Each structure stands twice: as C-alpha cells, then as structure tokens.
Amino acid sequence: MFVRSLQDVEATDCFVEWGSGTSHRLLTEKDGMGFTVCHTVVRANTVSLLEYRNHLEACYCIDGEGEVEDMEGNVFPIRKGDIYVLDKHDQHYLRGGRDQDLILVSVFNPPLKGTERHNLNDSSGSAY
C-alpha cells in the first residue's frame with residue numbers, strides 16, 4: 001500500500017502543465033496497477049482539441065464546469081457529478097468553463113508513463 005498527495009506529485013515530472021491546465025499524474029504505469037489516475041484542471045476560457053490514440057479515458061467532474069464537444073458538433077455540458085467517457089479514442093474539444101475551471105479525475109487505460117504532454121499548437125489536435 002502507498003499514499004500519494006498532490007503535493008508529492010508536484011515535486012516530480014508527473015506534474016504536467018499541458019497547455020490549457022495542469023495534470024497531477026497520481027498513479028502511473030510504474031505503479032503497476034494497469035491504469036492511470038490524474039487530478040486534471042482545465043482552465044476557464046480555454047479550448048483544446050485532443051485525442052488519445054493509445055488510451056481510453058474517463059473523466060469524472062469533481063468541481064467547476066466546462067464542456068466536451070465531439071467531432072459531429074454535439075456539445076455536452078460538464079458539471080460536478082458528471083462523467084464523460086472517450087471509449088473509442090474519440091477526438092474532441094475540451095473547454096473550461098466561462099467563469100470557472102473544470103476539475104476532473106481522469107482515468108486512463110492502458111496507463112500513462114506520466115510525463116506525456118499535449119502539443120496544442122498542432123492544427124489537427126494533440127494526440128498521444
């Protein structure tokens with residue numbers, strides 16, 4: 001058994017500024033659990049085009065607000081208590097709220113190494 005805090009992660013390279021927020025990679029591949037758990041902040045008034053080609057992701061909102069838009073133009077508001085699931089490696093737009101950050105618990109399968117970073121300057125979106 002082990003215990004790890006947000007502050008513990010901030011002292012490592014598993015605390016990632018990903019362009020539109022931050023990600024504390026609390027549980028990673030090296031922990032041997034078979035999945036990753038992250039505390040993810042999506043800053044207010046940001047938009048990111050994302051895709052996880054090598055991972056499935058589920059995000060549970062624990063605070064704030066934002067939205068997810070699929071590539072067909074369907075927009076899903078996300079608020080505390082909502083989960084969104086990218087079960088087909090879905091490319092999507094992730095937006096922080098107008099007045100609030102979106103705070104998520106993100107779970108990835110297979111696990112992340114923990115140091116992956118998005119490239120939000122690519123017009124086709126960021127993928128890993």
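**Figure 1. The lining of the largest cavity draws its largest share, three residues, from strand E9.** This is a predicted model, in which local features need pLDDT of at least 70, side-chain atom pairs count only at pLDDT 80 or more, and totals for chains, interfaces and linings use all residues. Residues are numbered from 1 along each chain as its sequence is written, and side-chain values use heavy atoms, with hydrogens and water left out. Strands are DSSP runs of E with at least two residues, and helices are runs of H or I with at least four; both are numbered from the N terminus. A cavity is a set of points on a 1 Å grid over the protein atoms alone, where a 1.4 Å probe fits but cannot get out. Lining residues have an atom within 4 Å of a point. Grid points are joined across faces, edges and corners, and a volume is the space filled by probe spheres set on the points.

How many cavities of 30 Å³ or more does a search of the whole structure find? The search finds one. The largest cavity has a volume of about 130 Å³. Its lining has 17 residues; Thr-40, Tyr-52, Glu-57, Phe-108 and His-118 lie nearest the centre. Strand E2 (21-27), strand E3 (36-42), E5, E8 and E9 each supply at least two lining residues. By class, this lining has 10 nonpolar, five polar and two charged residues. Here Ala, Val, Leu, Ile, Met, Phe, Trp, Tyr, Cys and Pro count as nonpolar, Asp, Glu, Lys and Arg as charged, and the others, Gly among them, as polar.

**Figure 2. Tyr-52 and Phe-108 form an aromatic pair.** Rings of Phe, Tyr and Trp (its six-membered ring) pair if their centres lie within 6.5 Å. Planes under 30 degrees apart count as stacked, over 60 as edge-to-face and the rest as tilted. By this rule there is one aromatic pair. What does the pair tie together? Tyr-52 lies in the loop between strand E4 (47-51) and E5, and Phe-108 lies in strand E9, so the pair links parts that are 56 residues apart in sequence. Both Tyr-52 and Phe-108 are buried. Buried means under 20% relative accessible area, exposed over 50%, and partly exposed in between (1.4 Å probe, protein chains only).

**Figure 3. Strand E5 pairs with strand E9 in the antiparallel sense.** Two strands pair if DSSP finds at least two bridges between them. E5 covers residues 56-70 and E9 covers residues 102-109; eight bridges join them. Cys-59 has Ser-106 in E9 as its bridge partner. E5 also pairs with strand E7 (residues 83-86), again antiparallel, over four bridges. There Ala-58 stands opposite Val-85. In a regular strand the side chains alternate between the two faces of the sheet.

**Figure 4. E5 also pairs with strands E6 and E8.** E5 and E6 (residues 75-79) run antiparallel, joined by five bridges. Val-68 has Phe-76 in E6 as its bridge partner. The hairpin of E5 and E6 has four residues between the strands, and in it Gly-73 takes a positive phi near 90°. E8 (residues 92-96) pairs with E5 in the antiparallel sense over five bridges. Asp-70 stands opposite His-92 in E8.

Figure 5. A disulfide is a pair of cysteine sulfur atoms within 2.5 Å. How many disulfides does the structure hold? The structure holds zero. Cys-38 is buried, at 1% relative accessible area. Cys-59 is buried too, at 0% relative accessibility.

**Figure 6. The largest pocket has a volume of about 200 Å³.** A pocket is an open set of points with protein on both sides within 12 Å along at least five of seven lines. Its lining includes Asn-45, Glu-65, Gly-66, Arg-79 and Arg-98. Which strand gives the most to the lining? E5 does, with three residues. E5, E6 and E8 each supply at least two. By class, the lining has two nonpolar, five polar and five charged residues.
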